[in-house]
Amino acid sequence: MLFLTFFLGILLNSIGYIPPGNINLTVVQITITRGIKQALYFILAFSSIEVLFTLGVMRFVQWLSSEIKVGEYIDGVMIVMFLVLGISTWRSRKEMPKADYSKKDSIRYGMLLGVINPMQIPYWLFVGAYLISHEWIDKGYISLSVFSIGSGIGAALALYGFARFAQYIQTKFTLNNYVVNKAIAGLFFALSAYHIFKLIYIHFFKH
């Protein structure tokens, strides 16, 4: 049973990081502008925090889904977050990349985004509630801990795939810091716009 729980954690969180979001886009940006080594530091730090993040969400998944309107709050947070990331990335598009980057900076950045990771909350609210209600995983501390460890590994595997893909693209095309940051800033702005229109639709058009 614990092996299945561990495997589900790996599989489901790997799937959760496939859609474009702040984390996988950040990994792509770091890989292209700073190198694969710095991206790996980021991924390891982020995945370590992801274990605790998943455990916390899964422990309170039923309470969160029943007591507060999580979706609307998360949309608001993501609008702000994507705008901030988009603006900061856009402003740095003309900056020359440094020759050397600090390992500590990448680790701190990974830990920070591991803590501030609102996109995964609705995902785990849905998936977690489904798994627990259908008794695919146990609500006990050991089972949820094993699931969370698998979740961290799944996140690391998915993000490592993005890093390798970005590295491959970089070897095939001439991508400079300006082009990469401009493109990723555009994606951040697009994701922010998506959540803005989503809230507008919910409040003014949905009956």
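Visitor: Where do R108 and D105 lie?
Guide: Both R108 and D105 lie in helix α6 (residues 103-115), 3 residues apart, or about one turn of the helix. Helices here are DSSP runs of H or I with at least four residues, numbered from the N terminus. The model is predicted, so local features need pLDDT of at least 70 and side-chain atom pairs count only at pLDDT 80 or more, while totals for chains, interfaces and linings use all residues. Residues are numbered from 1 along each chain as its sequence is written, and side-chain values use heavy atoms, with hydrogens and water left out.

Visitor: What does R108 form with D105, and how far apart are the closest N and O atoms?
Guide: R108 forms a salt bridge with D105, and the closest N and O atoms are 2.6 Å apart. A salt bridge is a side-chain nitrogen of Lys or Arg within 4 Å of a carboxyl oxygen of Asp or Glu.

Visitor: How many salt bridges does the whole structure have?
Guide: The search of the whole structure finds 1 salt bridge.

Visitor: What about D105, how accessible is it?
Guide: D105 is partly exposed, because its relative accessible area is 37%. Buried means under 20% relative accessible area, exposed over 50%, and partly exposed in between, with a 1.4 Å probe and protein chains only.

Visitor: Turning to the core, which residues of the largest one touch the most other members?
Guide: In that core of 15 residues, they are Y17, I23, F42, I43, F46 and L159. Helices α2 (22-34), α3 (36-59) and α8 (141-172) each supply at least two residues of this core. A nonpolar core is a set of buried Ala, Val, Leu, Ile, Met, Phe, Trp, Tyr and Cys residues joined through side-chain atoms within 4.5 Å.

Visitor: And a second core, which residues does it include?
Guide: The second, separate core has 13 residues, among them L8, M58, I132 and I137.

Visitor: How many aromatic pairs are there?
Guide: The count comes to 3 aromatic pairs, where rings of Phe, Tyr and Trp (its six-membered ring) pair if their centres lie within 6.5 Å; planes under 30 degrees apart count as stacked, over 60 as edge-to-face and the rest as tilted.

Visitor: Why is the pair of Y17 and F46 edge-to-face?
Guide: The ring centres of Y17 and F46 are 5.8 Å apart and the planes stand at 85°, so the pair is edge-to-face. This pair links distant parts of the chain, with Y17 in the loop between α1 and α2 and F46 in helix α3, 29 residues apart.

Visitor: Are Y17 and F46 buried or exposed?
Guide: Y17 counts as buried at 3% relative accessibility, and F46 is buried with a relative accessible area of 0%.
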